[in-house]
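Colleague: Hey, could you walk me through this one? I'd like to get my bearings.

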Amino acid sequence: MRIHIRLARSGANSQITSYDLPPAAEAGISAKSWEGASVSTALQYLQRAVDPRLAYVLSCRRGLCNVCAARIDGKVQTACTTPLHDGIVIEPARDSLLLRDTVVELSLVRKARIGASTPLPRVD
Amino acid sequence: MDLWDVIVVGAGAAGLAAARHAREQGASVLVVNKGLVGRTGATITSGGGVSVAGSTLIALGLEADPADTEEVFIRDMLKSGYYLNDQRLVESIVSGIGEELGYLIRRGVRPRISKRAPGHSSGRGVGIPGPDMQKAMTSAALDAGAQFREDFFSAGLLQNDGAVAGVAGLDRRTGEIEAIPARAVVIASGGTTSNWRLRTAPEELTGDGHAMALDAGAELIEMEMLQFLPCCLVAPEIWRGIQFPWTIGPQAGVRAWLLNKYGERFLARWDPERMELATRDVVSAASAAEVYEGRGSPNGGVYLSWAHLPRDILDNFPSWSKGYKDWRYQGFDMTPLVERIREGHAIEVAPAAHFSLGGIRVDVHGDTGVPGLYACGEATGGVHGGNRLSGNAGSQVLVQGRQAGLAAARAAQSNKAGAPAQNWDALKEQIEAPFQRERGVAPVEVKQRLTAIAENALGPVRTGKAMTAALEEVRDIRRNVLPRLASRNRDPRYNRDWSDALECAAGVPVLEAALISAIGRSGSIGAHQRRDIPGVKAPLEHSIVRRQNGELAWRAQPVEFPIFAPAA
């Protein structure tokens, strides 16, 4: 399965990177096929096995907390509840909220937060 | 650097209740949270609501059964907990929940009173969906003037001559390691279920607060007691740990059958009267025993089948046909699963790690016994004894949150000067080590090993052999692997390997404490069920773990019965 992720490591220079996922049985995930797995599982796999720098967030794994929200095939959805398919395109939910890779600013308490303004980190 | 009166670690309902109450006493309050406040933590995933005695509900102007007194509620909790509960904690929660629920109602939360929650002798379940509860508690803490640090991984407690003097941790966004001084600290970091492979709770519940408390000198209690929720999905991967089959089956009173691979209704051997409608600890243990004895399904579960029932039974059940519009369950469309059930297929299900019954030992004020250190909510242990009834976690987190917040505010007042941390350099080095290490073991591999160990040795049914082997492996990881954890990523910001390493450092003592507690019990009680010595009952003793000369030490302590003694 081939998936495409727009990784935002350096602000405006974010670009689509394509990954070929190995057969699910060889990937060490608890699924027989990638079709039965979520976008979050693919991000976890890629960070673990392919690109340790990949940033992602995941909490409830059931579409309630929304921390994993991303633009998937053009539509903002929770990565944990969206199943993978060949050719899927994963992007940050909104560029203006971008923090790193697919992670965006979704704080609910920004007005009462200490150290609230964290700029997009730059990587050499 | 600011000196806070009170730092609260964690921002679920317990932590936010503590923050609000401490703030209302005039304390300056900082809530530090590993993820985003109002989103992460287990509160948002809870569906049970809050349990309240009928007499308390009536006093709040709600309709309820007047015969359901606080005493009846306490008895229900003790009975379901196998009388292993700390009875003073139980009494404090039962008598304190009315005030907290009243506050939520005044803030506009609309409770739904359930007729009869499972295991409760009366209709005392007040339904508040997890997201509603999380939202109300977040805005309450905000309105009270609490301040927040997000994406801050608390990894150690600052101390001065044994007294807690703040929190040390990692800002996951910037990669900076920081010490945040405080006069008192409340741990509200939730349970430890993320150390199990199949689980219902969110990713971040790795027991970071437990590890910090142990290091600071606090005790853990009943760490081997883990509640499993039966009939959760095991496949496909995207649905793992989702409780949907339970909610349209046994939980709703629908007579779906649990079958092993031979098609036997194995609950006949456990509870021939109630069968699949037995309490969730019994259904979990029975299901796990089938898998353990080789009669499970291909994905490590058992089968839940509606095939003997009318094909359309799922369509004619008002209790969920209203609740589940178009078969939406939480963020998922479960229509494909319902279609399979209608076609007569059985669904593979297994018990999933759901709630930590054990945790940091506290008194009714959330006091850990370590000066300046308080704890509340699922991070604490002893409230529920050997099993928990639905909705009782909601009551626990609200009342314990208040108690700990009030006590921490009082402690801050009598500690005006604050104290410099003596262990900051050591903590900083410890937090930084996995990032600094150039070569070693990838933390995520260790995380996977730990969850496999927990699944094999600390499931709903257990054996002495598996637990002993697991303890050896965990100790080996502590001695030989933790000191070699290394981030493969040289960028300190949003560094998943680094935070994984810190989570491993918490998971190891959590599992070691659970294993020595489990091995220390000489038989079965509540959530700790020994498959290899069936019928051997454990005495009514608390299982206590603390750190002594660097090693975890276990001891048993007889349970006290200040309110009700179990029937002889």
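**A chat about the two chains**

Modeller: Helices (H or I, at least four residues) and strands (E, at least two) are DSSP runs, numbered from the N terminus. This is a predicted model, where local features need pLDDT of at least 70, side-chain atom pairs count only at pLDDT 80 or more, and totals for chains, interfaces and linings use all residues. Residues are numbered from 1 along each chain as its sequence is written, while chains are lettered from A and ligands numbered from 1 in the order in which they are written.

Colleague: OK, what's the phi of B:Tyr82?

Modeller: Phi is positive there, about 60 degrees, although B:Tyr82 is not a glycine.

Colleague: And is B:Tyr82 buried or exposed?

Modeller: B:Tyr82 counts as buried, because it has 23 C-beta neighbours inside 10 Å. The cut-offs go like this: buried takes 20 or more other C-beta atoms within 10 Å of the residue's own, exposed is 12 or fewer, and partly exposed is in between, with C-beta atoms placed from the backbone.

Colleague: What helices and strands does chain A have?

Modeller: One helix and seven strands, and along the sequence they run β-β-α-β-β-β-β-β. Of its 124 residues, 48% count as buried.

Colleague: How does the pLDDT of chain A look?

Modeller: pLDDT is the predictor's confidence in each residue, from 0 to 100. Chain A averages 88, and 90% of the residues score at least 70. Over residues 116–124 of chain A, though, the pLDDT is below 50. Where pLDDT is low, the predicted coordinates should not be read in detail.

Colleague: Now the interface: how many residues of chain B are in contact with chain A?

Modeller: 40 residues of chain B are in contact with 39 residues of chain A (C-beta atoms, placed from the backbone, within 7 Å). On chain B's side, helix 5 (130–144), strand 6 (147–149) and helix 15 (496–520) each supply at least two residues.

Colleague: One last thing, which peptide bond is cis?

Modeller: The one from B:Ala235 to B:Pro236, with omega near -5 degrees. B:Pro236 is in the loop between strand 11 (226–233) and helix 7 (244–247) of chain B.

Conventions. Contact = placed C-beta atoms within 7 Å.
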